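Please keep the sequence and the model at hand while reading.

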Amino acid sequence: MKEYSITDNFSQHFKIRFADTKALRQEAFKIRHSVYCDEMAWLPTNDSQMETDEFDDHAYHCLLQHKRSGVFVGCIRLIIPPSDNPNFKLPFEKNSQHCLRKEVLDTDTLPRGSFSEVSRLAVLSSFRQRKEEKNVPFVLSNQDPLTVFSEQEKRSFPNIAMGLYLAAAAFADICNHSGVLVMMEPSLMGRLIQFGFPFIQIGDETQLYGTRALFYLHSEDYVSGLAPQLKKLFYTIHHDLCDQMCLIPFTNAADR
């Protein structure tokens with residue numbers, strides 16, 4: 001029997017999409033509104049049904065698309081502080097300065113533009129399943145057979161969030177960033193560390209959409225500690241993003 005492959009199963013059912021158009025970015029904003037506003041009620045709902053903030057103009061956005069149905073199921077973004085605007089603050093700098101562990105890592109010493117913050121991971125509730133829903137089928141619409149999922153498809157759903165985090169790490173690697181930061185639930189971070197992401201905690205726990213803390217992942221650790229199957233998925237996602245992105249060399253406006 002052929003060994004189960006996370007990469008083959010993931011790639012069969014999902015496609016990473018670089019949100020390089022207004023329409024695609026709006027798909028990410030709709031997912032965020034569905035999760036952060038409608039479902040979690042962490043943020044107020046609005047008539048546009050899109051959740052946006054001041055960081056979106058300084059971020060790369062990534063979507064995950066379910067191939068068979070065409071539905072965009074999840075999103076994540078990588079926010080890059082502009083090097084020509086030292087007053088621009090990342091989310092962690094606005095919300096969590098009081099709990100930073102500068103003796104572990106002083107983020108003020110990191111050159112602006114050389115690092116990034118991962119945020120706004122969101123996955124549609126129809127593609128997530130809680131313990132109490134173990135025997136409940138994944139269904140987006142009772143009317144559309146495209147959105148009633150097979151057992152094989154459902155087997156790939158637990159890897160959706162991991163695929164999005166791998167996409168964020170791939171983004172950072174493509175941009176040659178020295179590291180990435182993320183505010184996250186310590187329990188979730190524990191699972192990521194088990195998978196081979198050796199994040200270090202550089203902030204005390206604080207209340208922000210639940211209990212969260214700030215973590216940092218150095219560029220040398222984007223892929224080095226990953227289990228072989230996840231390492232293969234990382235490089236597959238990395239390749240897919242490279243095919244979709246067109247980056248230009250960084251130029252500091254002050255040097256012109």
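Is Phe171 buried or exposed?

At 1% relative accessibility, Phe171 counts as buried, where buried means under 20% relative accessible area, exposed over 50% and partly exposed in between, calculated with a 1.4 Å probe on protein chains only. The structure is a predicted model, in which local features need pLDDT of at least 70 and side-chain atom pairs count only at pLDDT 80 or more, while totals for chains, interfaces and linings use all residues. Residues are numbered from 1 along each chain as its sequence is written, and side-chain values use heavy atoms, with hydrogens and water left out.

Phe171 is found in helix H5; helices (H or I, at least four residues) and strands (E, at least two) are DSSP runs numbered from the N terminus. Not counting residues up to four places away in sequence, Phe171 touches Phe18, Tyr60, His61, Cys62, Leu78, Leu241 and Met245, contact meaning heavy atoms within 4.5 Å. The C-alpha atom of Phe171 is separated by 8.9 Å from that of Cys242, although the two residues are 71 apart along the chain.

## The packing of H5 against H7

The axes of H5 and helix H7 (residues 228–244) come within 9 Å and cross at roughly 60 degrees; these axes are lines fitted to C-alpha atoms, for helices over the stretch in contact, and angles run from 0 to 180 degrees between N-to-C directions. H5 and H7 are therefore oblique to each other, given that angles under 35 degrees count as roughly parallel, over 145 as roughly antiparallel, 65 to 115 as roughly perpendicular and the rest as oblique. Their crossing is right-handed, a term used if the near helix is turned clockwise from the far one by less than a right angle, and left-handed if anticlockwise. From H5 the contact is made by residues including Met162, Leu166, Ala170, Phe171 and Ile174, and from H7 by residues including Leu233, Phe234, Ile237 and Leu241.

## Nonpolar cores

A nonpolar core is here a set of buried Ala, Val, Leu, Ile, Met, Phe, Trp, Tyr and Cys residues joined through side-chain atoms within 4.5 Å. The largest such core has 57 residues, of which Ile160, Phe197, Ile237 and Leu241 touch the most other members. Helix H5 (residues 160–174) supplies the largest share of this core, with 11 residues. Apart from it lies another core, of 15 residues, among them Leu105, Phe115, Met183 and Ile202.

Leu241, once its neighbours within four places in sequence are left aside, is in contact with Ile16, Phe18, Cys62, Ala167, Ala170, Phe171 and Ile174.

Arg32 is found in helix H2 and, at 1% relative accessibility, counts as buried.

Pro81 lies in the loop between strand E3 (72–79) and helix H3 (91–95) and is buried, with a relative accessible area of 1%.

## Positive phi angles in loops

Gln49, in the loop between helix H2 (22–39) and strand E2 (59–66), has a phi near 60 degrees, a positive value in a residue other than glycine; it is partly exposed, with a relative accessible area of 41%. Tyr209 has a positive phi of about 55 degrees although it is not a glycine. Tyr209 is placed in the loop between E7 and strand E8 (211–218) and, at 25% relative accessibility, counts as partly exposed.

## The chain as a whole

The protein chain has 7 helices and 8 strands, and buried residues make up 46% of its 256 residues. Among contacts in the chain with a separation of 6 or more, 72% are accounted for by residues 24 or more positions apart.
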